[in-house]
Number of protein chains: 2
Amino acid sequence: MNLQPLKGFRDFLPEQARKREFVINTLKKVFSSYGFEPLETPSLEKIEILMGKYGQEADKLIYRFQDLGKREVGLRYDLTVPLSRVIAINQNLPLPFKRYQIQTVWRADKPQSGRFREFTQCDADIVGSKSLIADTEIILMAKKALEKLGFKKFIIYVNDRWSLFQNLSQFKQLSNQNKLSICQSLDKIKKIGKDGVIKELEEKGFKEAEQIIKIIGESLKSKDLNIIFDNLKKMGLEEEIKFDPYLTRGLDYYTNMIFEIYVENYQGGSLAGGGRYDTLIGFSAEKYLPAVGFSFGIDRLIEVMEKENLFKNIPLQSTQVLVTVFSQEYLENSLQTVSLLRNKGISVEIYLNEEKLDKQIKYADKKGIRFVIILGPNEVKKNEVTIKDLSTGSQRTITLKEIDNFFLP
Amino acid sequence: MNLQPLKGFRDFLPEQARKREFVINTLKKVFSSYGFEPLETPSLEKIEILMGKYGQEADKLIYRFQDLGKREVGLRYDLTVPLSRVIAINQNLPLPFKRYQIQTVWRADKPQSGRFREFTQCDADIVGSKSLIADTEIILMAKKALEKLGFKKFIIYVNDRWSLFQNLSQFKQLSNQNKLSICQSLDKIKKIGKDGVIKELEEKGFKEAEQIIKIIGESLKSKDLNIIFDNLKKMGLEEEIKFDPYLTRGLDYYTNMIFEIYVENYQGGSLAGGGRYDTLIGFSAEKYLPAVGFSFGIDRLIEVMEKENLFKNIPLQSTQVLVTVFSQEYLENSLQTVSLLRNKGISVEIYLNEEKLDKQIKYADKKGIRFVIILGPNEVKKNEVTIKDLSTGSQRTITLKEIDNFFLP
């Protein structure tokens, strides 16, 4: 039997799982401090809730099946459709509703480097406010979250989808479908350059490609963007914010402000993106609620944090002390010492198997535990303990009374 | 379109989701402080990994389907089989491996009060140690976790499956299957009493039912249990621990020590249970690794915590301050104040829509935010802010310079 996980699925062993916990906890703390509240929705949804919301290509990637009651169901594909459903059935939710949601999503995609069939998505959105302060807060919070993860220098590109579309309207023959197609090409400008985009547009049959690139490039910030930039400036964000008239974002549903955050020096793409989407939330056209938000991919964040060496100074290992067991005879002393330290709030492990002392010390070393306590005949006789500091190799023998002060900050 | 979640599945709106986060974070902190490490495994497993591990009845409850690549897959049914799989394919994991795992599991059960098809399971286990210190640590940690959630008085029932089976061996005609069947009845003794169990055993055809109850009831603690009780005593746990010769636990796989934790005064059943299972982990009989652990149901914990009113004193709402917006003219001042407070590490929201002041204050009240800051013409003129304390109704006007000291502890 092949016991490896399914393709595109992963086990997260402790080292990786600790990083995930650190990132998720950090994000939750930032979101809470901005007044956002957690939401959780089911993994399985009725298939009719999911289908037709993401486009035909995406529909094919939904994990769908018949459950035992012959209902057609599907695994959560993103966190926006569930948000929309929750808003629709909880009409007494106080608005604006500021929620974050960090949950698994599933896509039956071709697994490839950095792409998985099961991954953790993190969304934060404000539903029910057209105010540009909401847009401002979303950008601020996304940046703050990245800052708290240890990233230092950012470039935040911002554009306005609505005014981009207005500018494309100068080209009379363009249908809405044409405009979306142009947007998809414009989105690649950071990767393939202006010439690359012009070439692609011409291949798509847009003869005025060069003219489009020129006019879009010369366009000015919309009135909305001016206000948002002004708000951001008042909140201390100025240099990092750049108007990017070519920014389009992949998803079709954005209606106004859109943004992407890049880390300076890191070339692998944006770390966060989002924008305003005023015609998506709600399950009937008359009841659309305005919304603005952003998305992080947790796997991608961790990948970049690893590349940028950001986990280096984060204490992911929380056990401070390993209490060894010298022999059955002195087990009692070890147990009591563990108990003493735990009562002081110190994180402590006791070594479990009967082994030689050097094997016990190796275990601590392997697990990244800094201090090892030894209680042998010499120590017990004098009511003392020997404390070995594995980070320096030094050791000291102190009395049991001194022990809790030793570890407290 | 019916937008309600599927039967047996739930949305967790902020109030509930916050409680879940609090419980899960608390448990993780306790587990880490005992040297346990996190593990995460995929939601979907190959069906052959899941089938045949839980018994025939359970197999029927597995959510199974064919994925797009025609592989038979199933949703995670518990956290023990995935642990076993991870151990089998990572033979270089340092042993003993102490892991916790808090993840969703799915069971296509009949939904009924308190039973769901999707719920969060929390397991902590030590794999690779036969030492009775491991048993001791597992009991201590389970109790500590409940204590940190706010529970105060416990009764921890402990028994030894192995010696229970030994005692049943006095009755010569009992097969292993018979013994398991007797155990299932014994397990109900707290609910239906001795007479109830005797009746049930007799109905099952065990003529010596009364004799069985008597002999089991008179049995003494096994050698293992004596050592575990002695260890626990040295670590300060004595009164709460009770030997219960009738305790059997539902699951068949336990081999030695088993335990259940009850909260005094709460009649709804045990909050945690676990034990030693030395012949389950590993995918071939020669490679079994000894293991001991316990399980919490997160939903059940929250349900009991609500009944016992334990969330009362836990600050689940983290926003301390709402900064109101008096009018467009004074927006700038509000933005700057928000920024000032955030730079001091204070959790603050700004009101997003243009509304009258009393509506903004109502929003704060509804969300449980204690302080509201008002910046109107009078305040701005004098470089002051008015702070309203919604918990008392009182308000004070102070200078901008004093503002951060006001909120810092």
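Residues are numbered from 1 along each chain as its sequence is written, and chains are lettered from A, ligands numbered from 1, in the order in which they are written. In this predicted model local features need pLDDT of at least 70 and side-chain atom pairs pLDDT 80 or more, while totals for chains, interfaces and linings use all residues.

Biologist: How many residues does the contact take from chain A and from chain B?

Modeller: Residues are in contact if their C-beta atoms, placed from the backbone, lie within 7 Å. On the chain A side, 34 are nonpolar, 18 polar and 20 charged. Here Ala, Val, Leu, Ile, Met, Phe, Trp, Tyr, Cys and Pro count as nonpolar, Asp, Glu, Lys and Arg as charged, and the others, Gly among them, as polar. The contact takes 72 residues from chain A and 70 residues from chain B.

Biologist: What do the end C-alpha atoms of helix 1 of chain B span?

Modeller: Helices are DSSP runs (H or I, at least four residues) and strands are E runs (at least two), numbered from the N terminus. The expected span is 1.5 Å times one less than the number of residues. For the 20 residues of helix 1 (residues 14-33) of chain B that should be 28 Å, and the end C-alpha atoms agree, at 28 Å.

Biologist: Is A:K70 buried or exposed?

Modeller: A:K70 is not a glycine, yet its phi is positive, about 65 degrees. The residue sits in the loop between strand 3 (64-66) and strand 4 (72-75) of chain A. Buried means 20 or more other C-beta atoms, placed from the backbone, within 10 Å of its own; exposed means 12 or fewer; partly exposed lies in between. With 6 C-beta neighbours inside 10 Å, A:K70 counts as exposed.

Biologist: What is omega for the peptide bond from A:L95 to A:P96?

Modeller: A:P96 is in the loop between helix 4 (80-89) and strand 5 of chain A. The bond is cis, with omega near -10 degrees.

Conventions. Contact = placed C-beta atoms within 7 Å.
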